[in-house]
Amino acid sequence: MSTLSIDPTIYRTRPAPHNCPAVENAVFDMLQTLSVPFERVEHVPVPTMEECSAIGQLLGVEICKNLFLCNRQKTRFYLLMLPANKVFHTKDLSSQIGSARLSFADAETMQSLLKTTPGSASVLGLMNDTEQKVTLLIDRDVTAKPFFGCHPCVNTGSLKLSTQDLLCKLLPYMRHEPVFVTL
């Protein structure tokens, strides 16, 4: 278990807008517009999945690993959601999506397309991909659980959301059709 110091308060309301960056406010605006309930915690920036697991334990959910990937030519971009404990092998994914030589996309492209930074990548960042340049890939194990955890596009908070709300409300609203994969 991490020694990360976490405020144990679980909130069911958004933080005060003046306390949040614009990208985080936009997340809470979207959740409010869609009447999507959530639980959230605030914390110091968490650079590792091990530290995220301590936050997940507090929320009673697994915080998903979100990887921002691209093909070799940097013409196709992917956001991969998978359970935190799964190991990612590019060859396992490449064959399922028909894209050889996947690698991590650069921070500038992530900022441009998702309005977020490494360590803060989140499925919720797809709200900023209005031209649908990013394909969402979801490991089937994520959808097997009723809830999942993610950041609100900043690495100083974490949310617990319903998987059903993700699939039936959030993704249609963000105009992103997921591709389900098995890793």
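1. A pocket is here an open set of grid points with protein on both sides within 12 Å along at least five of seven lines. The structure is a predicted model, and its largest pocket holds about 330 Å³ of space. The lining comprises 21 residues, of which Asn66, Pro118, Gly119, Ser120 and Ala121 are the closest to the centre.

2. As to the composition of this lining, 14 residues are nonpolar, six are polar and one is charged. Helix α2 (49-59) and strand β2 (65-70) each contribute at least two residues; β2 provides the largest share, namely four.

3. The structure contains eight salt bridges. One of them pairs Asp29 with Arg14, with 2.7 Å between the closest N and O atoms. Asp29 belongs to helix α1 (residues 22-33), whereas Arg14 lies in the segment before α1, 15 residues away. Asp29 is partly exposed at 38% relative accessible area, and Arg14 is likewise partly exposed at 23%.

4. A further salt bridge joins Arg40 to Glu42 at 2.7 Å, N to O. Arg40 is buried, with 5% relative accessibility, while Glu42 is partly exposed at 33%.

5. Asp141 and Lys86 form a salt bridge with an N to O distance of 2.8 Å. Asp141 is in helix α5 (residues 140-143) and Lys86 is in the loop between β3 (77-82) and α3 (90-97), so this pair ties together parts 55 residues apart in sequence. Lys86 is buried at 14% relative accessible area. Through shared partners, salt bridges unite Lys86, Asp139 and Asp141 in one network.

Conventions: Residues numbered from 1 in each chain as written. Predicted model: local features only at pLDDT ≥ 70, side-chain atom pairs only at ≥ 80, totals over all residues. Heavy atoms only, no water. 1 Å grid on protein atoms, 1.4 Å probe; cavity = no way out; pocket = protein on both sides within 12 Å on 5 of 7 lines; lining within 4 Å. Points joined across faces, edges and corners; volume = space filled by probe spheres on them. Nonpolar A, V, L, I, M, F, W, Y, C, P; charged D, E, K, R; others polar. Salt bridge = Lys/Arg side-chain N within 4 Å of Asp/Glu carboxyl O. Buried < 20%, exposed > 50% of the residue type's maximum accessible area, 1.4 Å probe, protein only.
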